[in-house]
Amino acid sequence: MIMQIDDQDRRLLRQLQADPSLSTAELAERCAMPRATCWRRLERLQGAGVLRGQRAVIDWERLGYHVAVSLRITVEKSNPRAFDEILAAARDLPDVVEIQTFLGRVDLRLQLLARDMGHYQQIYRERILTLPHIAEIEALMQVAVLKSEDSLPL
Amino acid sequence: MIEIDDIDRAILRALVADATLNAGALGRQLGLSQSAAWRRVQRLKSEGVIAGRRLDLDAEALGFGVTVFLGIKLATRGRTSLEDFERAITAIPEVQAVHHVLGRYDYRLRVVARDLPDFERVLRRRIMTLPAVGEVESNVMLSEELRPGPLDGI
């Protein structure tokens with residue numbers, strides 16, 4: 001369901017998207033809004049489930065994961081359980097950080113991390129190619145991240 | 001690269017789920033003293049493992065009902081066209097993420113829109129009009145799961 005928000009909510013969420021670590025007082029100041037109003041609006045957005053929380057962002061490079069690959073998979077759909085089974089198997093892979101399903105040429109995408117190319121090759125052979133119901137698989141190797149804010153154009 | 005142990009991994013998992021947890025709450029959750037939890041979080045931050053925070057918003061409830069992943073192949077080569085393309089594409093507010101990749105496509109994009117007609121407008125007026133853009137593939141996202149990745153006790 002779509003929640004109706006006004007310009008003040010939008011301003012709040014924009015500021016908070018730009019810097020989630022802001023305190024309510026700092027946020028109120030940036031939005032030129034009384035603190036109590038700011039707090040009440042945040043409560044309302046949280047209560048409605050629009051503002052779900054905050055997640056820490058991990059820099060995997062710092063932990064020694066230098067390879068990131070986007071695996072684009074077409075699923076063999078003759079078996080009605082194929083999707084559920086490949087999704088369940090993908091969830092068991094410790095090196096997978098994102099799983100998306102699509103309508104389009106690609107059915108499924110896995111974002112995979114590896115320490116280096118040797119490690120990637122090992123994961124790919126032992127754990128990816130052995131996933132059930134794969135019809136086609138294609139890899140896009142990440143060279144650089146130019147934008148990754150994932151923020152909404154409010 | 002820095003070495004982390006199982007307690008650090010547990011801290012990262014907890015902060016990825018909820019970045020607003022303070023040292024006291026983290027400590028209680030993991031059986032650590034508040035000061036021990038604080039020291040570990042500070043180290044993970046100062047070493048750049050925790051790169052920041054991200055707001056978790058319900059895009060659909062805010063009226064952004066469509067997320068599309070795009071693969072883009074450039075039609076032209078040369079450094080100037082590359083830089084122009086990167087500058088223009090990252091400036092589009094609906095484009096949430098831009099990754100430079102190797103493989104069938106040159107760039108991987110995540111685009112958010114209100115609905116399919118809105119996506120079509122962004123695609124035709126903002127993206128396809130960029131001179132460097134060649135082949136484009138769109139896959140409409142149906143579902144998404146974010147996984148903890150290689151943080152499970154190894």
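Is Ala32(A) buried or exposed, and how many C-beta neighbours does Ala32(A) have inside 10 Å? Ala32(A) counts as exposed, because 9 C-beta neighbours lie inside 10 Å. Please keep in mind that this is a predicted model.

**Domains**

- Chain A is divided into domain 1, which covers 7-47, and domain 2, which covers 60-141.
- Taken over C-alpha atoms, the centres of domain 1 of chain A and domain 2 of chain A are separated by 38 Å.
- In chain B, the domain assignment gives 6-46 as domain 1 and 66-140 as domain 2.
- For domain 1 of chain B and domain 2 of chain B, the C-alpha centres lie 38 Å apart.

**Where the chains meet**

- Chain A and chain B each bring 58 residues to the contact.
- On the side of chain B that touches chain A, the elements giving two or more residues are α1 (6-17), β1 (50-57), α4 (79-90), β3 (95-102), β4 (107-113) and β5 (133-146) of chain B.
- With 10 residues, β5(B) gives the most to that side of chain B.
- By class, the side of chain B that touches chain A holds 30 nonpolar, 13 polar and 15 charged residues.

**The largest nonpolar core**

- The largest nonpolar core has 73 residues, and Leu112(A) and Val111(B) touch the most other members.
- Strand β2 (residues 67-75) of chain A gives the most to this core, contributing six residues.
- Beyond its neighbours within four places in sequence, Leu112(A) is in contact with Val69(A), Leu71(A), Asp95(A), Val96(A) and Ile123(A).

**Helix packing in chain A**

- Helix α1 (residues 7-18) of chain A packs with α3(A) at an angle of about 85°, and their axes are 11 Å apart.
- That angle makes α1(A) roughly perpendicular to α3(A).
- From α1(A), the contact uses Gln8(A), Asp9(A) and Leu12(A), while α3(A) supplies Cys38(A), Arg41(A), Leu42(A) and Leu45(A).
- Four nonpolar, one polar and two charged residues make up this contact of α1(A) with α3(A).

**Helix packing in chain B**

- Helix α2 (residues 23-30) of chain B meets helix α3 (residues 34-46) of chain B at an angle of about 110°, with the axes 8 Å apart.
- At that angle, α2(B) is roughly perpendicular to α3(B).
- The α2(B) side of the contact consists of Ala23(B), Gly24(B), Leu26(B), Gly27(B) and Leu30(B), and the α3(B) side of Gln34(B), Ala36(B), Ala37(B), Trp38(B) and Val41(B).
- Seven nonpolar and three polar residues form the contact of α2(B) with α3(B), with no charged residues.

**A closer look at Leu42(A)**

- Leu42(A) sits in helix α3 (residues 35-47) of chain A.
- Leu42(A) is partly exposed, because 18 other C-beta atoms lie within 10 Å.
- Leaving aside neighbours within four places in sequence, Leu42(A) is in contact with Leu12(A), Thr24(A) and Leu51(A).
- Between Leu42(A) and Ser70(A) there are 28 residues in sequence and 35 Å in space, C-alpha to C-alpha.

**Two residues with positive phi**

- Most residues other than glycine have a negative phi.
- Ala32(A) has a positive phi, near 50°, and lies in the loop between α2 (24-30) and α3 of chain A.
- His133(A) also has a positive phi, near 65°, and is found in the loop between α5 (117-128) and β5 (134-148) of chain A.
- His133(A) counts as buried, because 20 C-beta neighbours lie inside 10 Å, whereas Ala32(A) counts as exposed.

How values were computed: Residues are numbered from 1 along each chain as its sequence is written. Chains are lettered from A and ligands numbered from 1 in the order in which they are written. This is a predicted model: local features need pLDDT of at least 70, side-chain atom pairs count only at pLDDT 80 or more; totals for chains, interfaces and linings use all residues. Axes are lines fitted to C-alpha atoms, for helices over the stretch in contact, and angles run from 0 to 180 degrees between N-to-C directions. Helices (H or I, at least four residues) and strands (E, at least two) are DSSP runs, numbered from the N terminus. Angles under 35 degrees count as roughly parallel, over 145 as roughly antiparallel, 65 to 115 as roughly perpendicular and the rest as oblique. Two residues are in contact if their C-beta atoms, placed from the backbone, lie within 7 Å. Ala, Val, Leu, Ile, Met, Phe, Trp, Tyr, Cys and Pro count as nonpolar, Asp, Glu, Lys and Arg as charged, and the others, Gly among them, as polar. Domain bounds come from an automatic or database domain assignment. A residue is buried if 20 or more other C-beta atoms lie within 10 Å of its own, exposed if 12 or fewer, and partly exposed in between; C-beta atoms are placed from the backbone. A nonpolar core is a set of buried Ala, Val, Leu, Ile, Met, Phe, Trp, Tyr and Cys residues joined through C-beta atoms within 7 Å.
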